[in-house]
Amino acid sequence: MARIQIPLDALTSRLNLGSRFEGVRSQSLSTRFANLRPISEFLNLSRLSKPPNFGEVQSRVNYNLGYFSSNYVAVAIMLLIYSLLTNLTLLFDMVFVSVGLFGIKKLDGRDLELGFTRATTSQLYTGLFVIAVPLLIWANPVGTALWLVGATGVTILGHASFMDKPIDTAFSEEAV
């Protein structure tokens, strides 16, 4: 049976995804959020309008994704925090595994002695695994991740497509 070849190069070059994320990897957090736009500009209701055609949607999305990129990262982080706060089982499991791994690491390979019993690090890792995995399955992380991707995509792409460009950029594009 022949394998299906998906031309990812064609997709990423068409959507300009390769160059869009180059600056994200090389920036520190302080420089990333240095160009955070004010909330009054980000939520300016007078600039909201329905785009007349799909070409205008593409133009607005390309402009707004670059212009409001730090604001969109902040929105994605807020949605991530909201998804963890609404799925307390997943949040508990993440904290439980982190604290458990930290505690086992603090033993530096020694056994845990509790007066009445002795547990090796291998037994501690196994116990952590036996408790955390069923809890993780019950917490439904896939559903939470899919909700997060959908909510972030709809929010960011909706804002980027309905937020009109400022007047000065519209005139500069016509002059070119």
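What you are looking at is a predicted model, where local features need pLDDT of at least 70, side-chain atom pairs count only at pLDDT 80 or more, and totals for chains, interfaces and linings use all residues. Residues are numbered from 1 along each chain as its sequence is written, and side-chain values use heavy atoms, with hydrogens and water left out.

View 1. Helices (H or I, at least four residues) and strands (E, at least two) are DSSP runs, numbered from the N terminus. Going along the sequence, the pattern reads α-α-α-α-α-α-α-α-β-β-α-α-α. Of the 176 residues, 25% count as buried, meaning under 20% relative accessible area with a 1.4 Å probe, protein chains only. Take the contacts (heavy atoms within 4.5 Å) between residues at least 6 apart in sequence: 78% of these join residues at least 24 apart.

**View 2. Helix 7 packing on helix 10.** Helix 7 covers residues 69–86 and helix 10 covers residues 141–162; their axes sit 10 Å apart at an angle of about 150°. Axes here are lines fitted to C-alpha atoms over the stretch in contact, and angles run from 0 to 180 degrees between N-to-C directions. The two helices are therefore roughly antiparallel, the label for angles over 145 degrees. On the helix 7 side, the meeting residues are Y72, V75, A76, L79, L80, Y82 and S83, and helix 10 brings T144, W147, L148, A151, T152, T155, I156, H159 and A160. Sorted by class, that contact has eleven nonpolar, five polar and no charged residues (Ala, Val, Leu, Ile, Met, Phe, Trp, Tyr, Cys and Pro are nonpolar; Asp, Glu, Lys and Arg are charged; the others, Gly among them, are polar).

**View 3. Zooming in on S83 in helix 7.** S83 is buried, at a relative accessible area of 3%. Skip its neighbours within four places in sequence, and S83 is in contact with T144, W147 and L148.

**View 4. F42 and its surroundings.** F42 belongs to helix 5, residues 39–42. This residue is buried too, with a relative accessible area of 9%. Not counting residues up to four places away in sequence, F42 touches F68, N71, Y72, V75, H159 and M163. From F42 to N71 is 29 residues in sequence, and 7.6 Å in space, C-alpha to C-alpha.

Note on methods
Buried means under 20% relative accessible area, exposed over 50%, partly exposed in between (1.4 Å probe, protein chains only). Angles under 35 degrees count as roughly parallel, over 145 as roughly antiparallel, 65 to 115 as roughly perpendicular and the rest as oblique.
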